[in-house]
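Here are a few notes on the model you sent over, in the order I would look at them. Have the structure open as you read.

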Amino acid sequence: MARRGCNVVLERVLIFILSLGFTFNFTSAQLRYSLPEELTTGAVVGNIAKDLGMEPSVLISRGFRIVSGSRDSLFQINNNGVLHVSRKIDREEVCERIAACIINIKTVLENPLEVHYVAIEVLDVNDHSPTFPDNETHLEISESALSGARFQLQGARDPDSGVFSVQQYRLSQNDHFRLEIKDRGRDGKIPFLLLHKPLDREAARSHELLLTAVDGGKPA
């Protein structure tokens with residue numbers, strides 16, 4: 001009787017193990033694509049059917065779909081297994097202040113179950129111009145200030161990243177001031193006004209200068 005009970009327990013354990021193995025019997029793969037931001041709606045990202053080595057009809061019959069990570073439906077898959085952009089992507093909106101903008105989505109084939117992860121890198125384009133917080137800045141400098149005195153100016157900001165962000169500043173030609181740039185790493189490049197020649201209030205009560213911020217686009 002005890003042996004019979006043991007056999008029943010063993011059968012149940014075997015059935016459980018087999019069921020568990022069936023539940024987790026799926027394969028997975030990782031696909032990677034890249035695209036520039038600001039592509040028009042409908043632009044092709046990649047041919048998932050081709051890259052998985054499957055016919056589009058197979059994908060349809062097996063219920064291929066995106067299940068998570070599409071970020072408010074940035075991407076869709078059509079009946080040919082082609083992944084495309086469903087709305088224009090602004091990299092600065094999706095990945096603000098992130099060096100590598102990668103969107104991960106999870107897709108599945110339902111029968112039999114397969115999970116495929118797709119990583120899409122959104123490449124930056126020079127779609128923004130540098131801007132200053134204020135159009136005008138007023139500085140009060142004593143005429144007794146010595147040559148070499150430095151005055152920090154407000155830096156410009158550019159939502160673009162990398163080489164497309166602010167790369168340099170230019171100062172209009174004048175006799176009294178020069179420009180000095182300090183690289184503050186993540187805070188960007190900061191301009192300083194350097195007094196090159198002592199001021200004479202009787203000769204000129206004020207000086208008007210033009211500061212220009214330039215990014216690294218082509219054209220800048």
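1. Let me begin with glutamate 38, which counts as partly exposed because its relative accessibility is 29%. Please bear in mind that this is a predicted model.

2. The backbone at glutamate 38 deserves a look: phi is near 70°, a positive value in a residue other than glycine. You will find glutamate 38 in the loop between strand S1 (27-36) and strand S2 (44-47). For context, most residues other than glycine have a negative phi, and most peptide bonds are trans.

3. On peptide bonds, the one from asparagine 111 to proline 112 is cis, with omega near -10°. Proline 112 belongs to the loop between strand S6 (102-110) and S7.

4. A cis bond also runs from lysine 218 to proline 219, where omega is near 5°. Proline 219 sits in the segment after strand S12 (211-215).

5. How many aromatic pairs does a search of the whole structure find? The search gives 1. The pair is formed by phenylalanine 132 and tyrosine 169, with ring centres 6.3 Å apart and planes at 45°, so it counts as tilted.

6. The two partners come from separate parts of the chain: phenylalanine 132 is in the loop between strand S7 (113-123) and strand S8 (150-152), and tyrosine 169 is in strand S9 (residues 166-171), so the pair ties together parts 37 residues apart in sequence.

Terms used: Residues numbered from 1 in each chain as written. Predicted model: local features only at pLDDT ≥ 70, side-chain atom pairs only at ≥ 80, totals over all residues. Heavy atoms only, no water. Phe/Tyr/Trp six-rings, centres within 6.5 Å; stacked < 30°, edge-to-face > 60°. Helix = DSSP H or I, 4+ residues; strand = E, 2+ residues; numbered from the N terminus. Buried < 20%, exposed > 50% of the residue type's maximum accessible area, 1.4 Å probe, protein only.
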